[in-house]
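Visitor: Hi there, could you walk me through this one? I'd like to go topic by topic.
Guide: Happy to, let's take a look.

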Amino acid sequence: MSGRRWAVFGTALGVLAAMILAAPEVSAERPVRVREVTLTVDGEQATGRVYEPDGGARDLIVAVHGHAGSAADFPEYMASIAEHTGAALLTMDQRSATGRWRTGEWNVWAGWQDIVAATQWYRGEHPGGRTVLWGWSQGGLTSGLAAAYAPPGTYDYWVDTFGQADDFTSWTEAPLAGPDLRPQIERDAGGCGPATCPAAYAARSPALQASRITVRRTVLLHGTADPLVPITSSLEMRAALATAGKPVSMYTVVSGRDLDGSVGPAGHGLGPVFYESGCVVERLLFDTEPPGPDFLVDAANGVDTAPPPPPNSKCAN
């Protein structure tokens with residue numbers, strides 16, 4: 001996918017999110033309400049939202065959006081997962097639409113701080129239960145930093161969906177997403193490139209911080225046809241976690257089914273890999289996600305070693 005097509009994709013998602021939010025079914029007709037979140041993190045305003053099932057929730061899903069995204073992404077889908085699992089779903093903008101760190105940019109350092117602060121705030125109001133950390137694309141890297149730098153015990157599981165494993169490779173591959181990304185990565189790292197500031201890039205690389213990750217288990221998902229974040233990124237993350245002695249399993253998706261049942265290649269964005277990761281989140285909360293071995297999904301060729309989706313779920317066809 002070219003940088004222009006990726007920008008159009010992000011814009012279309014924003015329009016779709018606004019249209020769905022305008023519909024009453026998410027906040028009024030469905031048994032899930034949406035509450036806006038505003039916190040002060042590092043002296044700045046951090047914004048987000050939380051989806052809360054009627055009657056409250058003990059379990060918590062912390063969802064971390066990708067580049068050019070926001071806490072408003074995929075509201076119908078997020079609400080459906082909260083409704084089906086009975087868990088609250090918290091998601092932050094990383095950091096806000098008006099602050100120094102603008103929502104949708106490569107703000108991975110401010111982003112992980114927002115995620116951890118929001119998790120601690122919500123857990124302070126709603127203690128107990130399991131907490132699943134789930135990030136996709138840039139949110140995979142940002143959530144990995146949250147898993148690495150949060151106090152031990154903050155998160156029970158980490159689900160990383162076609163995320164970058166390290167800031168060095170993210171900088172190298174930034175042109176795949178367009179000309180604006182590399183300058184954003186450099187700004188986030190302190191205004192310099194990896195050759196000048198290697199320590200800043202290492203600190204922003206989950207694969208290089210794998211020994212700090214204390215979740216019960218990490219689940220990685222990646223498509224072989226991903227043109228923006230190649231599957232080698234998840235293979236790197238898997239190797240780093242395994243070397244550090246951390247429990248990890250991985251889904252390799254060659255082709256899969258969309259929500260309408262159609263079969264297509266496993267690329268980036270909304271599609272088979274993303275929806276399979278929604279299934280993983282749900283299975284973790286239902287205690288039906290097996291510990292491995294790794295899984296292979298190639299629906300076009302009749303191969304699918306993944307566990308079945310939870311009954312009546314919307315996470316996959």
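Visitor: How many salt bridges does the structure hold?
Guide: There are 15 salt bridges, each being a side-chain nitrogen of Lys or Arg within 4 Å of a carboxyl oxygen of Asp or Glu. One caution: this is a predicted model, where local features need pLDDT of at least 70 and side-chain atom pairs count only at pLDDT 80 or more, while totals for chains, interfaces and linings use all residues. Residues are numbered from 1 along each chain as its sequence is written, and side-chain values use heavy atoms, leaving out hydrogens and water.

Visitor: Which residue meets Arg35 in a salt bridge?
Guide: That is Glu125, at 3.8 Å from N to O. The pair links distant parts of the chain, 90 residues apart: Arg35 belongs to strand 1 (residues 32-41) and Glu125 to helix 4 (residues 108-125). Helices (H or I, at least four residues) and strands (E, at least two) are DSSP runs, numbered from the N terminus.

Visitor: And which residues are in the network of salt bridges?
Guide: Arg33, Arg35, Glu52 and Glu125 are linked there.

Visitor: What about Arg283 and Glu289, buried or exposed?
Guide: Both Arg283 and Glu289 are buried, meaning under 20% relative accessible area, with exposed over 50% and partly exposed in between (1.4 Å probe, protein chains only). Their side chains form a salt bridge at 2.6 Å, N to O.

Visitor: Switching to helix 10, why is it largely enclosed?
Guide: Because 14 of its 15 residues are buried, the rest of the structure largely encloses helix 10.

Visitor: What comes just after helix 10?
Guide: Asp287, with a positive phi of about 60 degrees.

Visitor: Now the cores. Which residues have the most contacts inside the largest one?
Guide: Leu90, Leu133, Tyr155, Ile213 and Met237, in a nonpolar core of 53 residues. Such a core is a set of buried Ala, Val, Leu, Ile, Met, Phe, Trp, Tyr and Cys residues joined through side-chain atoms within 4.5 Å. A second, separate core has 35 residues, including Ile61 and Cys315.

Visitor: What does Leu133 touch?
Guide: Beyond residues up to four places away in sequence, its contacts (heavy atoms within 4.5 Å) include Val62, Ile115, Tyr155 and Trp158.
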